[in-house]
Amino acid sequence: MRMKLENTLRDRQLASVGKLLAGYTHELKNHLAIINESSGLMADLLGMTESEDEQTRVRFKKIINTIGERIREANGMANHLNSFAHRMDTSLSSFNVNDLLIEELALIDRVARLKNIRLKVNLQDNIPPITNNPSLFQFIIFMIIQELTNSLAAGSVIEISSHINDQIIRVCLSSTEPLDTIPESPEPDNSDEVLQFVAAKMNIGLNRTPPGSDPYQIILTLPST
Amino acid sequence: MDEIKLLIVDDEVEFASALAERLELRNYHVDTANSGTEALKGLGSTYFPDIILLDLRMPDMSGFDVLVKIKEKHPAIEVIMLTGHGASSGGSSSLEKGAFAFIMKPVNICDLTKKIQEAYKNRTSAP
């Protein structure tokens, strides 16, 4: 009974984080929309103003273009964050693993870049949707990438790929360089235990190649529906 | 060319006013209303738009509810929904309720004016 309550509490807590995050991204997009219209209006007015100072006009145009580019970039990030937040709405839904990977990797990319680790994405087209828990799927991907980025040296590459074969979808996270930084065993904390628990809860497979193997891989196996 | 009359309904005053000014520079006649209630109250008395640009998420009445009421009383007016998150935020449902189109925020002015022209053409060609 207590365990059930704790699970419900955890689910609701997660859902509340999702709702807050979704609302926040909406507000963020409102601000971006206002900046966008204001800089657009500046560009319009600049285009109508006669000025002999062509050099200043060119500088203003360049600045306005930079604002526009940054708005597009920030808007893309806000969209990813919003979709990510909405994944917590339900514990069971139909989704495409590629969509969730793209969305999550866009958010994780900066964390990896700060450690000078590159995320290389190689997703097979036409992967069919699956029915499972989307936020747990993203959580497991996050845990694996965090484990790899914590273990790898600067300059390493993590390749994230998806494939389908015989109705089985495989999501593979692998690193080949530098091999000597791969830990002898999984993280000393209980993260592997947590990963296995989540995989069992989602009814998916989670396998690792032996430590030191080339490439070092963590593979998720998801039956398509 | 006829002057196309637009009504922007958005609770974000700065957004509505900047967009209105940009559209006026492109020779549209533009009014703004900062809530669904204000828009509905003024339709047919203060505002006589050909096309309404309607924000989907507003505090007093949702754009979706405003759309339904507009279509009930003024079916000839075309409505373009402005939405932050497209299909996930009710953009596609609004099409089912009679919106002409939905446009994502931040707005690309060229896409928006193109859609306005299409909506106006649709309105004038309607029986």
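Let's start in chain B, where helix 3 (residues 63-73) lies across strand 3 (51-55) and strand 4, running at about 180° to strand 4. "Lies across" rests on contact, which means heavy atoms within 4.5 Å. Axes are lines fitted to C-alpha atoms, for helices over the stretch in contact, and angles run from 0 to 180 degrees between N-to-C directions. Helices (H or I, at least four residues) and strands (E, at least two) are DSSP runs, numbered from the N terminus. This is a predicted model, with pLDDT of at least 70 needed for local features and 80 or more for side-chain atom pairs, while totals for chains, interfaces and linings use all residues. As for bookkeeping, residues are numbered from 1 along each chain as its sequence is written, chains are lettered from A and ligands numbered from 1 in the order in which they are written, and side-chain values use heavy atoms, with hydrogens and water left out.

The sheet in chain B is open, with 5 strands in the order 2-1-3-4-5 and parallel pairing. Two strands count as paired if DSSP finds at least two bridges between them. At the edges sit strand 2 (29-33) and strand 5 (101-104) of chain B, each pairing on one side only. On average, neighbouring strands of this sheet are turned by 20° against each other, direction ignored. Strand 4 (residues 78-83) of chain B runs parallel to strand 5 of chain B, and 4 bridges join them. Look for B:Ile80, whose bridge partner in strand 5 of chain B is B:Ala101.

B:Pro106 belongs to the loop between strand 5 and helix 5 (109-125) of chain B.

## Chain A: a mixed sheet

Chain A has an open sheet of 5 strands too, in the order 2-4-5-7-6, but here the pairing is mixed. Its edge strands are strand 2 (118-123) and strand 6 (205-208) of chain A, each with pairing on one side only. Neighbours in this sheet are turned by 15° against each other on average, direction ignored. Strand 5 (residues 168-175) and strand 7 (residues 216-223) of chain A pair antiparallel over 8 bridges. In that region, A:Ser174 stands opposite A:Gln217 of strand 7 of chain A. Helix 3 (residues 97-114) of chain A lies across strand 2, strand 4 (157-165), strand 5 and strand 7 of chain A, at about 170° to strand 2 of chain A.

A salt bridge (a side-chain nitrogen of Lys or Arg within 4 Å of a carboxyl oxygen of Asp or Glu) joins A:Glu147 and A:Arg208 at 2.6 Å, N to O. The pair links distant parts of the chain, 61 residues apart: A:Glu147 is in helix 4 (residues 134-151) of chain A and A:Arg208 in strand 6 of chain A. In the loop between helix 5 (191-202) and strand 6 of chain A lies A:Asn203, which has a positive phi of about 60° although it isn't a glycine.

## Where the chains meet

The contact takes 20 residues from chain A and 15 residues from chain B. About 1,700 Å² is buried between the two chains, with carbon and sulfur atoms giving 60% of that area. Buried area here is the accessible area (1.4 Å probe) that two parts lose on being put together, summed over both. A:His26, A:Ile34 and A:Glu37 supply 35% of the area that chain A buries against chain B, more than any other three residues.

B:Arg22 and A:Asp44 meet through their side chains in a salt bridge of 3.0 Å, N to O. On chain A's side, helix 1 (2-48) and helix 2 (54-86) are the elements giving two or more residues, and helix 1 of chain A gives the most, with 15 residues.
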